[in-house]
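Please look at the structure shown here with its sequence. The report that follows takes up a bond between side chains, some annotated spans and the packing of helices.

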Amino acid sequence: MAEEDNYTKDGTVDYKGRPANRKKTGTWKACPFILGNECCERLAYYGMSSNLFLYFTNQLNQHNAEASRNQSNWSGTCYVMPLVGAFLADSYLGRYWTIASFSIIYVIGMTLLTLSASVPGLRPTCTDKDKCYATSSQSAVCFAALYLVALGTGGIKPCVSSYGADQFDDADDVEKAHKSSFFNWFYFSINIGALIAGSVLVWLQVNVGWGWGFGVPAAAMAVAVGFFFSGTRLYRYQKPGGSPLTRLCQVVVAAVRKRSVRVPDDKSLLYETSDSESAIVGSRKLDHTHELRFFDKAAVELQSDHSKESVNPWRLCTVTQVEELKGIIRLLPVWATGIIFSTVYGQMGNLFLLQAEYMDARLGPHFTIPEASLSIFDTLSVIFWVPVYDRFIIPAARRLTRHPNGLTQLQRIGTGLFISIFAMVSAVVLEIVRLNVVKRHGSYEVKQAPISIFWQVPQYFIIGCAEVFTNIGQLEFFYEQAPDSMRSLCAALSLTTTALGSYLSSFLVTIVMETSTRGGKPGWIPDNLNYGHLHYFFLLLAILSVLNLGAFVVVAKRYTYKKAGGALR
């Protein structure tokens, strides 16, 4: 028995495929290699994305609309590709080899991007610092590099958080408690990378050159890949369980085929494997739940379900397989409530910048702050709140709630949704004050009103605080509640709220402008913001956030947490 206690019970193995020894593998000793890889990947990503529009316009000589469209297409691809990476990780490669292989693709893309910005013949021809011209072949090399990076980040994004969490045994109470802390420090490492990218790398690109601006993160990413491989012997590995989409489809097909079959009152009569392990590789058995009972029909055993001595999986599914589908369906309402939050979060790179353009950005007589640099206060807020939450809020909440993590995952997400409302309220108040200053001075045609850009800091800081609760809570929630063999896929699903939040923001702007410009009115967001009502749009997002919070509370109260059955060996 003492010998068994030396090994994990959640199905993880070591690098040789043996049951993972809990003393020699995993936990915090394996995490630095994973967190370092993520920090460098985010440094590279934000180092490109924060200034990519400027590169398109100034270096590739693209029109504003074309540059905006190209940047949106690339960014959208970055948040769609995680679905591909997650599918490969859960089905065939496993998280380790998915991260490793896609990190190499990432380095190749970054290297090619650096060469396209620095090697004569590949880089655009410049007559002045901001007057450059790129041939079609030069642009093609640049975009080939960018989409290699998009492919690389698509394999890394959905796997790193789940792979880090895999290093802590779910069946061990002490390690499970540390897992919650891991998600905090994982998000902390993301923002360290973002902070360096938004300050050092942007400065290098603008003041030294794009070759250095792209080359430094390329080198950092190459180091991160070597660092990741050096932790190979320390990692714990979850075996890929085959195509999750196929298993989900099998449940639906089997249930529809048996739509007229009655589900027995005794749920122990439903089909399940007799041994201690699940029939799905790398996945523990799941206990039966009473929700979505229609799909239980797929586990009702009939004589016709058997073909000779084998079971036809398109006619008969195990209880665990049925519960996988139920688990995914239960996640969707919680997932949907993240879209409005992503819309609010997306304003930092959108209308907050527009608001900043009409404020005084001078710091002393000789220095002007770039509007985009205000996002650093969001990053600083996250860096501030992560250790505060981990070291102070969790212990205090634990004494009140008696929950080992202080707050449940849904309580944490809901707290962040509540806090995000005040970010929009802060933006509303600031815009009203700014318009009053413009009116008092009669400076409608002057772009920069005599009100400091630093009054935007509160709204950035509040969003950063909301991130620590909602985004980290979502990372942990989707990992814990996802079926064991679908954790990468569910992580990728949670990332799609960012893309949908951006699309929703664009849709709302379109609707608002179509309705508010009728009768020749300038509308809420005109070319000259001094004649507009941007605060109405921020107020609309605040109202939607309140309604979204109400919907989340309803969803959270009805949510049934996953129950894992026997431990895996």
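## The disulfide

In this predicted model, the structure holds one disulfide. A disulfide is a covalent bond between the sulfur atoms of two cysteines. Here the partners are C126 and C132, whose sulfur atoms lie 1.9 Å apart. The torsion about the S-S bond of C126 and C132 is about 100 degrees, and the disulfide is therefore right-handed.

## Annotated transmembrane regions

An unreviewed UniProt entry carries the annotation "transmembrane region" for residues 96-115, 185-204, 210-229, 331-354, 415-437, 491-513 and 533-555. Two of these spans can be described from the coordinates of the model. Residues 185-204 are 100% helix and 0% strand, with 27 Å between the end C-alpha atoms. For residues 210-229 the content is likewise 100% helix and 0% strand, and the end C-alpha atoms are 29 Å apart.

## Helices α12 and α15

Two packed helices are described by the angle between their axes and the distance between the axes. Helix α12, which runs over residues 409-441, and helix α15, over residues 534-558, have axes that come within 8 Å and cross at roughly 165 degrees. Because angles over 145 degrees count as roughly antiparallel, α12 is described as roughly antiparallel to α15. The crossing of these two helices, α12 and α15, is left-handed.

On the α12 side, the residues making the contact include L410, I413, L417, F418 and E431, while α15 contributes, among others, H535, F538, L539, N548 and F552. Taken together, the residues of the contact of α12 with α15 comprise 19 nonpolar, four polar and one charged.

## Helices α9 and α14

Helix α9 (residues 338-346) and helix α14 (residues 487-516) form another crossing, in which the axes come within 7 Å at an angle of roughly 65 degrees. The two helices, α9 and α14, are therefore roughly perpendicular to each other, and their crossing is right-handed.

Which residues of α9 and α14 meet? From α9 they are G338, I339, I340, S342 and T343, and from α14 they are T497, T498, L500, G501, L504 and S505. In this contact of α9 with α14, four residues are nonpolar, seven are polar and none is charged.

Terms used:
Residues numbered from 1 in each chain as written. Predicted model: local features only at pLDDT ≥ 70, side-chain atom pairs only at ≥ 80, totals over all residues. Heavy atoms only, no water. Axes fitted to C-alpha atoms, helices over the stretch in contact; angles between N-to-C directions. Helix = DSSP H or I, 4+ residues; strand = E, 2+ residues; numbered from the N terminus. Parallel < 35°, antiparallel > 145°, perpendicular 65-115°, else oblique. Left-handed = near helix turned anticlockwise from the far one by under 90°. Contact = heavy atoms within 4.5 Å. Nonpolar A, V, L, I, M, F, W, Y, C, P; charged D, E, K, R; others polar. UniProt positions renumbered as here; feature names shortened; annotations may be inferred. Disulfide = S-S within 2.5 Å.
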